[in-house]
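User: Please take me through how to read this structure, feature by feature. I would like the general idea and then the case at hand.

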Amino acid sequence: MATRLPPVDIVIVGMGWTGGILAKELAQTGLKIVALERGAPRSTQNDFSVPLIRDELRYSQRHDLMMDVSADTYSIRNKPSETALPMRRLGSFLPGEGVGGAGAHWNGVTWRWPDHELRIRTKYEERYGKSFVPADMPLQDWGISGPELEPYYDKFEYTAGVSGKAGNIKGQIQKDGNPFEDPRARDYPLPPLVSNHASQLFAKTAKELGYHPYVRPTANASQPYTNPDGMKIGQCQYCGFCERFGCEANAKGSPHITVIPVALRNPNVELRTYTWVTKVLKDSTGKKATGVAYVNVMTGEEMEQPADLVILSAYGLSNVHLMLLSGIGKPYDPETQTGVIGKNYAYQGGANVTLFFEGKSFNPFIATGGWGTSIDDFHTNWNFDRGPHGYVGGAYISVGGSNGRPITYRPVPPGTPQWGSDWKRATAKWYHAALTIAASGAVMPNRYNYLDLDRTYTNRFGQPLMRMTFDFSENEKKINRYAAQVIGDIAKAMNPTQMGQATPRLTWSVVPYQSTHNTGGAVMGTDPATSALNKYLQSWDMPNLFVTGASAFPHNSGYNPTGPVGALAFMMADTIRNKYLKNPGSLI
Amino acid sequence: MSEDKPDLKVARRDFLSGVGIAGAAAALSPATPAMAQTPAQAKDLPVAPQAAGYTYFKPTEVQFIETLVDHMVPKDELTPSGTDIGIATYIDRALAGSWGKGDRLYMQGPWGKGTPNQGYQLPLTPAALYRAAIAGSNAYCRKTFGQSFERCNAQQKETFLKDLQAGKITFDGGLPGRVFFGVLYENVMEGMFADPIYGGNKDKIAWKMLGFPGVMANNAENVKQYNDGRRFTANPVSIADMS
């Protein structure tokens with residue numbers, strides 16, 4: 001029998017970026033807030049100190065900071081006709097676990113998704129006609145516009161300490177920025193990071209080809225910084241141990257050094273670690289959340305935490321899983337295309353090519369997480385005509401190179417043996433002399449890409465695993481093939497000694513790491529028949545339930561998701577404080 | 001040329017208190033005992049780096065794994081042999097430790113073969129996989145080449161490994177050789193390139209081969225100086241060096 005705890009006003013499930021933002025912003029209401037985090041507490045001093053943290057085997061290969069799939073995982077398959085099998089090891093994507101979530105071990109890339117992404121259906125139909133969007137692509141507007149989200153992007157960038165160069169301030173195009181971005185009120189809080197030699201070579205060629213290279217914005221601090229909450233961020237040391245690692249210098253914008261400690265200064269905010277939420281509790285009408293059930297994973301004890309307002313702010317996939325387990329909203333059915341929970345799941349596509357320059361050294365280990373030079377000519381550039389290519393979306397193209405960690409980073413030209421003395425010689429010869437051009441591609445929703453509950457496999461608490469059904473559709477194959485062609489052409493123009501084949505992603509495998517940009521499943525929108533949440537990320541079915549995260553994205557851009565994830569969390573906090581709490585109920 | 005000295009003043013207390021799961025394998029590593037252990041334990045451990053010994057592999061498995069890592073990483077002008085740089089020791093410790101026993105591996109049935117896109121689906125921990133697959137490899141080599149793997153000539157070994165990698169070999173009982181090869185290859189690379197604290201990459205030899213400077217990385221100045229195609233060089237620094 002579960003122990004029923006004294007009620008609180010607000011319960012927050014998951015303490016990463018968005019849980020931290022909500023806790024910090026809502027703390028000012030004086031309401032009693034409890035945040036539940038299923039993983040461990042984390043601090044820079046104890047968890048990310050040097051040399052402990054500079055261990056590629058432990059953190060990158062063995063995923064020490066990530067979700068433990070022996071306790072809970074996903075079953076996976078490429079299409080509904082296959083039998084889903086559990087993801088028995090982490091591979092393709094790496095959800096975080098513990099205080100700070102994936103925000104403690106991300107790379108830092110922070111984009112603003114433009115208005116034409118947020119109003120995607122309207123924009124494509126206006127430009128290309130209604131028949132341009134394929135019948136099996138449930139493409140949807142998000143219910144918000146770029147200008148509405150702008151002030152919240154600003155808040156997130158200044159909270160996390162993003163380094164970059166604005167491309168468009170109030171309509172004025174800025175030199176060296178991304179000319180295709182939407183207008184912004186002001187520049188980034190920090191100047192761009194140093195450009196490495198590989199990025200400079202790419203930028204030079206890209207410019208010669210008529211493209212518009214710029215230094216990519218990222219939450220790796222180019223200078224020491226104090227954010228608006230007074231939290232200190234250190235200067236990046238370009239150590240090459242960024243994604244998959246915590247930062248010992250506090251130079252990566254992370255929730256455990258910013259929003260979470262600010263929230264916890266307030267006596268009305270309590271954080272409970274090692275608490276695994278298993279369900280959102282409902283009243284007899286099923287229209288109101290009454291709190292959450294959780295397990296104290298230190299003791300196995302089952303608890304009930306009553307609350308007036310429930311905020312799901314776990315990893316996006318976990319938010320969807322909790323909604324399915326709790327029976328909130330109608331589960332999506334790909335056959336009838338009805339229901340909303342699990343709908344519009346998307347992932348990340350792309351293409352890449354590796355170039356080898358004999359005699360040059362790019363010093364791949366002098367690097368940081370999100371740095372690099374990008375072009376958006378085939379992505380955020382709305383003037384790029386998708387018509388002849390027949391696809392929705394695009395791909396942004398970069399040279400970055402976040403590390404030279406040698407268990408995984410050992411580029412050799414095609415045809416090199418994989419072991420033996422010749423392999424060693426080639427590995428030693430090319431380690432310094434290679435660079436990769438990578439395209440990160442959008443993924444549009446497809447009716448057969450979705451999330452639901454598995455019928456066979458369970459997690460450590462006996463609950464069904466979430467089942468993921470996904471593969472790249474024709475639209476994505478077109479994006480990725482075209483991106484491969486473009487990067488192949490840029491590569492040739494850079495005149496390397498040797499180069500590999502530019503390779504597009506054409507099918508999804510759970511084995512090699514690709515991206516942790518899993519989106520959708522509990523999407524925002526304008527219509528309760530096709531979305532789980534309204535534009536404020538409030539559940540249509542349960543007005544005292546709000547859900548943050550990339551699970552709210554109705555499609556996936558080529559851009560990394562954390563920018564809009566953070567911005568939407570700030571917007572949600574604003575809405576709850578200034579609208580919802582004054583008059584609890586459906587906001588639309 | 002800048003020969004940056006590592007900051008050796010970094011306190012070891014955080015590292016020593018936080019070795020945790022990964023340290024289970026490291027603690028047994030004789031390659032770096034003084035660095036990996038608390039002072040009280042360190043004096044009890046052997047210091048001779050060559051006298052590695054094995055904690056998981058049985059004698060026939062030792063012959064297989066040493067032969068294999070010496071074939072994949074032969075002694076040449078770049079490095080000593082795979083065994084001499086500790087790759088076999090690394091794999092032995094990994095299998096004896098929590099990873100080998102199935103840490104962070106979802107082990108609930110039923111078990112389906114699945115598609116290649118669905119990844120690892122065998123009901124075997126890494127340690128159990130090695131046990132079965134080494135026996136299977138030797139049986140296959142005896143059947144095909146008339147002798148166990150370690151007695152095969154270089155060409156036969158090469159043929160066996162390439163066929164294993166290509167999925168052409170299924171061991172008696174149905175175990176797919178390609179799955180074993182995938183795990184084996186990854187472990188050989190880990191043993192060669194991981195921090196020496198885990199028993200391989202002895203004397204940071206593989207890092208020296210690449211020019212990887214290791215865990216010392218305060219590059220805020222270097223990033224500006226070395227962004228014109230020149231090579232940055234430094235003596236590599238390992239976890240033990242900083243502890």
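User: Where is the place of D84(B)?

Analyst: D84(B) sits in the loop that joins helix 5 (59–72) to helix 6 (87–96) of chain B; helices (H or I, at least four residues) and strands (E, at least two) are DSSP runs, numbered from the N terminus. This is a predicted model, in which local features need pLDDT of at least 70 and side-chain atom pairs count only at pLDDT 80 or more, while totals for chains, interfaces and linings use all residues. Residues are numbered from 1 along each chain as its sequence is written, and chains are lettered from A and ligands numbered from 1 in the order in which they are written.

User: Is D84(B) buried or exposed?

Analyst: Burial is a neighbour count: a residue is buried if 20 or more other C-beta atoms, placed from the backbone, lie within 10 Å of its own, exposed if 12 or fewer, and partly exposed in between. D84(B) is buried because 20 other C-beta atoms lie within 10 Å.

User: What does the secondary structure of chain B come to?

Analyst: Chain B has 11 helices and 0 strands. Of its 243 residues, 46% are buried. Contact means that two C-beta atoms, placed from the backbone, lie within 7 Å. Among contacts in chain B between residues at least 6 apart in sequence, 59% join residues at least 24 apart.

User: How should I read the sheet order 5-4-21-20 in chain A?

Analyst: In general, strands of a sheet pair through backbone hydrogen bonds, either parallel or antiparallel. Here, two strands pair if DSSP finds at least two bridges between them. The order 5-4-21-20 describes an open sheet of 4 strands in chain A, with mixed pairing. Strand 5 (85–86) and strand 20 (450–458) of chain A are at the edges with a single partner strand each, so one side of each has no neighbour in the sheet. Strand 4 (residues 74–77) and strand 21 (residues 464–469) of chain A are a parallel pair with 4 bridges. S75(A) is opposite R467(A) in strand 21 of chain A.

User: Which strands does helix 9 of chain A lie across?

Analyst: Helix 9 (residues 316–326) of chain A lies across strand 4, strand 20 and strand 21 of chain A, at about 120° to strand 21. Axes are lines fitted to C-alpha atoms, for helices over the stretch in contact, and angles run from 0 to 180 degrees between N-to-C directions.

User: How many residues does the contact take from chain A and from chain B?

Analyst: Chain A contributes 66 residues and chain B contributes 57 residues. Helix 10 of chain A gives the most to the side of chain A that touches chain B, with 5 residues.

User: What span does helix 7 of chain A reach?

Analyst: The expected span of a helix is 1.5 Å times one less than its number of residues. Helix 7 of chain A, with 12 residues, reaches 17 Å from its first C-alpha to its last, close to the expected 16 Å. Its buried residues include H197(A), L201(A) and F202(A). The buried residues of helix 7 pack against strand 17 (373–375), strand 18 (395–399), strand 19 (434–441) and helix 11 (474–493) of chain A. After helix 7 of chain A comes G210(A), with a positive phi near 95°.
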